[in-house]
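Subject: Handing over the model

Hi,

Here is the structure I promised you. Have a look at it first, and then read on for what turned up in it.

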Amino acid sequence: MTKYILALDQGTTSSRAILFDHAGRPHASAQREFRQIFPQPGWVEHDAGDIWASQEGVLHQVLRDSGVTASDVAAIGVTNQRETTVLWDRATGVPVANAIVWQDRRNAAFCEQLVEQGKADLIQRKTGLVLDAYFSATKLKWLLDNVPGARARAERGELAFGTVDSWLIYKMSGAHLTDTSNAARTMLFNIHTLQWDTDLLALLDIPASLLPDVVPSSGVAAHTCVDLLGVAVPIAGIAGDQQAATFGQACLKPGMAKNTYGTGCFMLMNVGKRPLPSKNRLLTTVGWSLGPGTDQTDYLLEGSAFIAGAAVQWMRDGIGIIRDSSEVEALATSVPDSGGLVFVPAFAGLGAPYWDPYARGTLIGITRGTGKAHIARAALEGVAYQNVDVLSAMQDDAGIALSELRVDGGAARNDMLMQFQADILNVPVVRPVVTETTALGAAYLAGLAVGFWTSQEEISAQWQVGRRFEPKMAADERLTRLHKWQRAVERSRDWSE
């Protein structure tokens, strides 16, 4: 019997490969950062070649370092930064331009034009998404309109579009495909019919020939080329990173929710087998499909805060108050509080429920006594405050009061942040034993497809509590803090006026 599932976790700032055993435990892992490109304020790009080189590198590294052969791998699961848009030549496999990253805001004005034309309701009704530059569709339109010759080549069928999952699978297998969870993030996919939507393609003038085939999230979709690993390994799980993390957290029943603290913060709640429209500017999205058809598909409500771990990176790389990300908790806890500072980490605008692309990072309350420890603490608190707005909207939409919030991602290892999150949400925060839930979710989806795991019940039974953070903050202090936070958010949004 093959011993492992290999998960490829392609993130915004790094690529990882993790081998999971049958108990859902990481056996070995490798990680590699890659270059971030900022051509103009508000623009964020990646070289798709860098993405593939880093992912291929860690794929081989994790096998080499662990002594595991490709024959020991039952299947590969792929999870990825979502919405990031790649456009490449079908014949050569060479990208025609840098990938436009999900954080990129260059199309904010175009999205405003669509709103003014009355298209927002149509888009939300079909896709479950708020009309915003966050999603892939307007990024793809920009590439077609601005890369010389791209539109003509696309209309001749010479180019291929994909989100990062499609790009990796193409590089590994030659197949051009995506799964329902990633397709649902493009703003071109009808989440009710689970098909590309011809009305939206026409609205944005995007040729259908560019699009990948859509497959279930769990199922053998392709096999790796033999020259990649020496054998053809099934690619059997595909999901966008946040959907994968929700699956890895075993949020498999309606009302269960998780929050991932990665580059951004992403809170998702399972709402069952039918899409639930949001009244509060949250996203309704496909969670995963375990087979063809809507009866095999779970839907989620999602609220995103664009900056979380990226705030720690900024403290390290932007202003140099820490040398390594691991230092931030010790620095933040070296002071009893933030000294009155409130930090709104709106470096890339504000996500749900505001959807304000023009808001900017704001630090309020600086005095002569302010030191770098206060800034570090305020930045971590700012990450947590954003999630209060999201959870409030989510509970209202779903009509469900959350009993606990499962957490994962790099910053979820920060005990100070997790305790403050429980305090300010007034909801218990639960961190599992295995915090690599994004990769684990991709592994579970792949493993289910090839019989490595037999059922969702088996997966749920493997989930274990690592630490539980209970709310401790007094109600009056929580309300006072939230009032200050709301005032700070208003100021961050006033910057554009």
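Let me begin with helix α2, which spans residues 108–116 and has Ala-108, Cys-111 and Leu-114 as its buried residues. Buried here means under 20% relative accessible area, with exposed being over 50% and partly exposed in between (1.4 Å probe, protein chains only). Helices (H or I, at least four residues) and strands (E, at least two) are DSSP runs, numbered from the N terminus. Looking down the axis of α2, the buried residues fall within an arc of 115°, so they line one face of the helix; the arc is that of the directions from the helix axis to the C-beta atoms. The cover over these buried residues includes α3 (120–127), α4 (136–146) and α8 (198–204), where contact means heavy atoms within 4.5 Å. Just after α2 comes Gly-118, with a positive phi of about 80°.

Before going further, a note on where this comes from: the model is predicted, so local features need pLDDT of at least 70 and side-chain atom pairs count only at pLDDT 80 or more, while totals for chains, interfaces and linings use all residues. Residues are numbered from 1 along each chain as its sequence is written, and side-chain values use heavy atoms, with hydrogens and water left out.

**Helix pairs**

Two packed helices are described by the angle between their axes and the distance between the axes. The axes are lines fitted to C-alpha atoms, for helices over the stretch in contact, and angles run from 0 to 180 degrees between N-to-C directions. Angles under 35 degrees count as roughly parallel, over 145 as roughly antiparallel, 65 to 115 as roughly perpendicular and the rest as oblique.

How do α13 and α17 cross? The axes of α13 (residues 372–398) and α17 (residues 475–494) come within 11 Å, at a crossing angle of roughly 90°. The two helices are therefore roughly perpendicular to each other. On the α13 side, the contact is made by Glu-381, Gly-382, Tyr-385, Gln-386, Val-388 and Asp-389, and on the α17 side by Arg-481, Leu-482, Trp-485 and Gln-486. By class, the residues of this contact are 4 nonpolar, 3 polar and 3 charged. For these classes, Ala, Val, Leu, Ile, Met, Phe, Trp, Tyr, Cys and Pro count as nonpolar, Asp, Glu, Lys and Arg as charged, and the others, Gly among them, as polar.

The other pair is α10 (residues 241–248) with α15, whose axes are 6 Å apart at an angle of about 75°. These helices are therefore also roughly perpendicular to each other. From α10, Asp-241, Ala-244, Ala-245, Phe-247 and Gly-248 take part, meeting residues of α15 that include Thr-437, Leu-440, Tyr-444 and Leu-448. This contact of α10 with α15 has 8 nonpolar, 4 polar and 1 charged residues.

Helix α15 (residues 437–449) also holds Gly-447, which is buried at 0% relative accessibility. Apart from neighbours within four places in sequence, Gly-447 is in contact with Ile-5, Phe-452 and Trp-453. Gly-447 and His-22 are 425 residues apart in sequence, yet 9.0 Å apart in space, C-alpha to C-alpha.

**Loops and a strand**

Which values of phi do Asp-205 and Trp-355 take? Phi of Asp-205 is near 55° and phi of Trp-355 is near 50°, each a positive value in a residue other than glycine. Asp-205 sits in the loop between α8 and β12 (213–215) and is partly exposed, at 40% relative accessibility. Trp-355 lies in the loop between β19 (342–344) and β20 (362–364) and is buried, with a relative accessible area of 7%.

Strand β20 contains Thr-362, which counts as buried at 16% relative accessibility. Leaving aside neighbours within four places in sequence, Thr-362 is in contact with Val-342, Phe-343, Val-344 and Ser-492.

**Cysteines**

How many disulfides does the structure hold? There are 0, a disulfide being a pair of cysteine sulfur atoms within 2.5 Å. Cys-251 is buried at 0% relative accessibility, and the closest cysteine sulfur, in Cys-265, is 15 Å from the sulfur of Cys-251, too far for a bond. Cys-225 is partly exposed, with a relative accessible area of 31%.

Best wishes
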